[in-house]
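Hi there,

I'm passing this structure on to you, with my notes just below it. Have a look at it first, then read on.

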Amino acid sequence: RLHVVYNGNPAVSAQFTISGPGGSISGRAKARLNNPTSPEPSFRGAFSVTGGSGRYAHIHGTGELFGVFIRRGPNKYGLVVQTIGELHY
């Protein structure tokens, strides 16, 4: 689950939760749109893990967040997100 906040400014923030059979991982990210007026602006920023449960109860780590925000029409949007980082648990 990913919740992204974009209000028209170049700054984007997000909160995420990844759930699986062994537990969950939660975190936050902040990124910046490269070309806010483009129909498909890309963004790049950093993420950090804020907590976990189950087998991931002691998880910690950071990394980079990349993506593309796709405007499909009035009130219709798409989002492609990719991350790279290092997590320890």
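Which residue in β3 is the bridge partner of Ser-19? The partner is Ser-24. Before the rest, a word on the model: it is predicted, so to speak of local features I need pLDDT of at least 70, and side-chain atom pairs count only at pLDDT 80 or more, while totals for chains, interfaces and linings use all residues. Residues are numbered from 1 along each chain as its sequence is written, and side-chain values use heavy atoms, with hydrogens and water left out.

**The sheet**

Strands β2 (residues 11-20) and β3 (residues 23-33) are antiparallel partners, joined over ten bridges. Strands here are DSSP runs of E, at least two residues, numbered from the N terminus, and two of them pair if DSSP finds at least two bridges between them. Six strands make up an open antiparallel sheet, in the order β1-β2-β3-β4-β5-β6. Because β1 (2-5) and β6 (76-88) stand at the edges with a single partner strand each, one side of each has no neighbour in the sheet.

**Surface and loop**

Leu-79 is in strand β6 and is partly exposed, at 37% relative accessible area (buried is under 20%, exposed over 50%, partly exposed in between; 1.4 Å probe, protein chains only). In the loop between β5 (60-73) and β6 you will find Asn-75. Asn-75 is exposed, with a relative accessible area of 71%, and has a positive phi near 60° although the residue is not glycine.

Best wishes

Terms used: Helices (H or I, at least four residues) and strands (E, at least two) are DSSP runs, numbered from the N terminus.
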